[in-house]
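Keep it plain, and group the points by topic.

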Amino acid sequence: MHVFPGLALSRSALGYSRLGPDFLTELAPEPAPEPHWVAHSEACAALLGLGASWQTPEALALLSGNGPEPGWASVYSGHQFGVWAGQLGDGRALHIGEIEQGGQRYELQLKGAGRTPYSRMGDGRAVLRSSIREFLCSEAMAALGIPTTRALCITGSSLRVRREEIETGAIVTRVAPSFLRFGHFEHFAHHGLLPQLQQLFEHVLDQHAPECRDAAVPAAALLEKVSRQTAGLMADWQAVGFMHGVMNTDNMSLLGLTLDYGPFGFMDGFDPGHVCNHSDHQGRYAYARQPNVAFWSLHALAQALLPLVPGEPERASEPLLAALESYRESFPTEMLGRLRAKLGLVAPLPQDKELADDWLKLLAAHHTDYTIAWRRLGGFDSGAEASNAELRDLFVDREAFDAWAQRYRERLLAEASIDAERRQRMNATNPAVVLRNHLAEGAIRRARAGDFSEVERLLKVLQQPYDEPVLASDASLPPDWAAHLEVSCSS
Ligand code: AMP
Ligand code: MG
């Protein structure tokens, strides 16, 4: 299929679709009226090798769900909020093909292209509001260097979609080497479909983890790989103050990618107990709980992999439990590494963990803005007489800050740190701009009135998160009205 000039969108013989009807259903998208472009990411287009003029009428038809070719939706299951939820699946996502570029195969998926056999009670649609959030955050995370699915574009339509109120429908074209989730394995294991479980396993090994084949217990090697990738992802999220909001096992990527952007949030005033999803009444997915929830989800994955361990069934859990231990070892290491970098430290010293923890305690005690505090710390003057007034002013208890600052000063001295160089390092690690709710909300309000320019502007700012933005307000405290913004699972 040659929708994009000079580039083939294919159904590769190696892709997931070859696995057949036990794994997916082929179907066409449901057309949407009056399709139009809302926004696109040049960076994602470049990743796919799309030329400058890829936004043809044919591409618009395809990416708005009005194309002629069928796609496919996959089945998975999962645990939602800690409880087995049974069969789920791509209820509103349709895979439309693959593009091979730079030695990597990318799947393209339309999110919001209509009902599938896995839609359950849903309408198969996504609204403009949530599509803008997913689009911007995918590209923002990529620019922050955090593993994520990507977003090529948003197309809009005049389709009316009912949520709490009537909104208009939109589609995000998502891009990733694979959208496979922990829940794909859980599905076949839970339903006792062992030949299919084995087939899925072979596919994952072939396409995403060939090195695990040579291990003594390939299933354990795969689990260890996923555990380590997930540990790295959790460290990335915690370090930047990102909260996913719905860390159900069906939203956990087998490739360690940030996946399924819904009621996510970035930390404003630091509160480890913060819950960004207003539908999460128990606070299961609070900021501070994310690393443990990921570990819990890895146990659910381990359970699903159990039938794939050869030998005596009574002893099958042993290699998997050993593989899970790698998370316990790698998460703290990864996290401390991120914190050291955020503190601008180069040579590790034993006291670093306490220094970092006490800084975070200071932020929590004062509810200090997470992004601003880290960014200002980059400008810390380690001179004995320096007052660091701009930074110090972020804390009500100035003496508590002074006491910590003195320890930081000594720590910097211990590695003969040079302020200007450290600042440069820290500014490349501690972003000036993250996608705070109110920034997304500003773009959404204008887009709903038909003006997409703020989406494009914000995208450009988020693609350079380590630069001071032209508009200081992109990097400043949320305005008072933002305190009333609520994000929920409704999307
Ligand atoms: P989420 O929590 O948004 O990742 O979605 C959980 C499950 O519900 C997945 O199987 C989704 O495909 C499905 N889902 C969510 N929203 C809709 C919708 N509007 N229509 C159909 N399925 C949906
Ligand atoms: Mg999901």
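Thr-368 lies in the loop between α9 (352-366) and α10 (370-377), where helices (H or I, at least four residues) and strands (E, at least two) are DSSP runs numbered from the N terminus. This is a predicted model, in which local features need pLDDT of at least 70, side-chain atom pairs count only at pLDDT 80 or more, and totals for chains, interfaces and linings use all residues. Residues are numbered from 1 along each chain as its sequence is written, chains are lettered from A and ligands numbered from 1 in the order in which they are written, and side-chain values use heavy atoms, with hydrogens and water left out.

**Thr-368**
- Thr-368 counts as buried, at 3% relative accessibility; buried means under 20% relative accessible area, exposed over 50%, and partly exposed in between (1.4 Å probe, protein chains only).
- Leaving aside neighbours within four places in sequence, Thr-368 is in contact (heavy atoms within 4.5 Å) with residues including Asp-268, Phe-270, Leu-394 and Phe-395.

**Nonpolar core**
- The largest nonpolar core has 142 residues; such a core is a set of buried Ala, Val, Leu, Ile, Met, Phe, Trp, Tyr and Cys residues joined through side-chain atoms within 4.5 Å.
- Helix α6 (residues 218-240) gives the largest share of this core, 13 residues.
- Phe-185 is among the residues with the most contacts inside the core.

**Aromatic rings**
- The whole structure holds 21 aromatic pairs; rings of Phe, Tyr and Trp (its six-membered ring) pair if their centres lie within 6.5 Å, and planes under 30 degrees apart count as stacked, over 60 as edge-to-face and the rest as tilted.
- Phe-81 and Tyr-285 form a tilted pair, 5.1 Å centre to centre with 40° between the planes.
- These two residues are 204 residues apart, so the pair links distant parts of the chain.- Phe-81 is partly exposed, with a relative accessible area of 32%, whereas Tyr-285 is buried at 1%.
- Ring pairs link a cluster that includes Phe-270, Trp-359, Trp-374 and Tyr-408.

**Charges over rings**
- The charged end of Arg-133 sits over the ring of Phe-264, 4.2 Å from its centre; this requires NZ of Lys or CZ of Arg within 6 Å of the ring centre and within 35 degrees of the ring normal.
- Arg-445 lies over the face of Trp-481, at 4.7 Å from the ring centre.

**Strands β6 and β7**
- In strand β6 (residues 93-101), 7 of the 9 residues are buried, so the strand is largely enclosed by the rest of the structure.
- Strands β6 and β7 (residues 104-111) run antiparallel and are joined by 8 bridges; two strands pair if DSSP finds at least two bridges between them.
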